[in-house]
Amino acid sequence: MRRPDARDALAAALKARLRSEPLARVTVTQLARDCGLTRQAFYYHFHDVPELATWVFETEVAAQVRVQARHDAWADGLVRLLGYLRANRSSTTAVLDGLGRAGLERFLFRQMRPVTEAVVREVGGGGPVDPADHRLVVDFYTSAVLAVVLRWVSEGMVQDPYRLVGDVELMLHGSVQESIARLDARARPPAR
C-alpha cells in the first residue's frame, strides 16, 4: 500500500537530518527508517537523496517566490524567499552544494522570472512594445535581483532580508518604467 504523504514524509525527514549532518552523509536507509517507509518506497519517488533535496528545495522555494507576483507585492515575496532560505539554511546549503551555483542560478531565474514579468507588465503598461525589448527588460531585472540574492546566499545570509530588499526596491524604483520608456523611444522612428 502506497502512502499518499510519502514525499512529504521523506522531505520532513531529510530536513531534520540536514540540521545535524551534511547531505553527503544522509542515506536512503536512514530517511526511509525515519518516516516508516521502505527503501523501495523511497525509490518509487526519488532516484537518490540529492534528487529529494532538490525536490524539497524547488517545491518550497517555488511556493515562496510565486505567491506575490504583483508590482505592489514583489518585495514582500522576495523577503519571504530570503526568510525561507535563511530559516532553512542547511537545506539551502545542501542544495547549493548539490546543484552548484550555476544550477541554483538557473532554478532561481526560472522561479523569479514570472514575478519580474508581472511587475514589468503592471508598471510598464504591458512592457515595451517590441517583444525582444520586453524580454530584455524582464531578463535584465530578473538577473539583477538574482545577482543580489546569490551574493547574499554566498555571504552566509547574514544581512537582514528586510534591509536588503528595501535597498533593492530603492534602486529599482522608477527604473523599470524608465527602461521601458527609453527602449520604446528608441524603437519609434525619428520625427521629421
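## The loop at Met-157

Met-157 sits in the loop that joins helix 7 (131–154) to helix 8 (161–172). The model is predicted. In it, the phi angle of Met-157 is near 55°. That is a positive value in a residue other than glycine.

Is Met-157 buried or exposed? Its relative accessibility is 3%, so Met-157 counts as buried.

## Helix 7 against helix 8

The angle between helix 7 and helix 8 is about 155°, and their axes lie 12 Å apart. Helix 8 is therefore roughly antiparallel to helix 7, since angles over 145 degrees fall in that class. The crossing of the pair is right-handed.

Which residues make the contact? Helix 7 supplies Tyr-141, Val-145, Val-148, Arg-151 and Trp-152. Helix 8 supplies Pro-161, Leu-164, Val-168 and Leu-172. By class, eight of the contact residues of helix 7 and helix 8 are nonpolar, one is charged and none is polar.

## Overall layout

The chain has nine helices and zero strands. Read from the N terminus, the elements run α-α-α-α-α-α-α-α-α. The C-alpha trace spans about 75 × 35 × 25 Å along its principal axes.

The chain holds 192 residues, and 44% of them are buried. Consider contacts between residues at least 6 apart in sequence: 67% of these join residues at least 24 apart.

## Salt bridges between helices

Side chains of opposite charge can pair when their charged atoms come close. The salt bridges in this chain number nine. One of them joins Asp-34 and Arg-17, with N to O at 2.7 Å. Asp-34 belongs to helix 2 (residues 28–34) and Arg-17 to helix 1 (residues 6–18). The pair links distant parts of the chain, 17 residues apart. Asp-34 is partly exposed, because its relative accessible area is 40%. Arg-17, at 17%, is buried.

Arg-186 and Asp-133 also meet in a salt bridge, at 2.8 Å from N to O. Arg-186 lies in helix 9 (residues 175–187) and Asp-133 in helix 7, so the bridge ties together parts 53 residues apart in sequence. How do the partners stand in accessibility? Arg-186 is exposed, with a relative accessible area of 55%. Asp-133 is buried, with a relative accessible area of 6%.

Arg-121 forms a salt bridge with Glu-117. The closest N and O atoms of this pair are 3.1 Å apart. Why are Arg-121 and Glu-117 separated by about one helical turn? They are four residues apart in helix 6 (residues 89–123), which means a spacing of about one turn. Arg-121 is partly exposed, with a relative accessible area of 46%. Glu-117 is buried, with a relative accessible area of 17%.

This pair is part of a wider set. Arg-113, Glu-117, Arg-121 and Asp-139 are linked in a network of salt bridges.

Terms used
Residues are numbered from 1 along each chain as its sequence is written. This is a predicted model: local features need pLDDT of at least 70, side-chain atom pairs count only at pLDDT 80 or more; totals for chains, interfaces and linings use all residues. Side-chain values use heavy atoms; hydrogens and water are left out. Helices (H or I, at least four residues) and strands (E, at least two) are DSSP runs, numbered from the N terminus. Buried means under 20% relative accessible area, exposed over 50%, partly exposed in between (1.4 Å probe, protein chains only). Axes are lines fitted to C-alpha atoms, for helices over the stretch in contact, and angles run from 0 to 180 degrees between N-to-C directions. Angles under 35 degrees count as roughly parallel, over 145 as roughly antiparallel, 65 to 115 as roughly perpendicular and the rest as oblique. A crossing is left-handed if the near helix is turned anticlockwise from the far one by less than a right angle, and right-handed if clockwise. Contact means heavy atoms within 4.5 Å. Ala, Val, Leu, Ile, Met, Phe, Trp, Tyr, Cys and Pro count as nonpolar, Asp, Glu, Lys and Arg as charged, and the others, Gly among them, as polar. A salt bridge is a side-chain nitrogen of Lys or Arg within 4 Å of a carboxyl oxygen of Asp or Glu.
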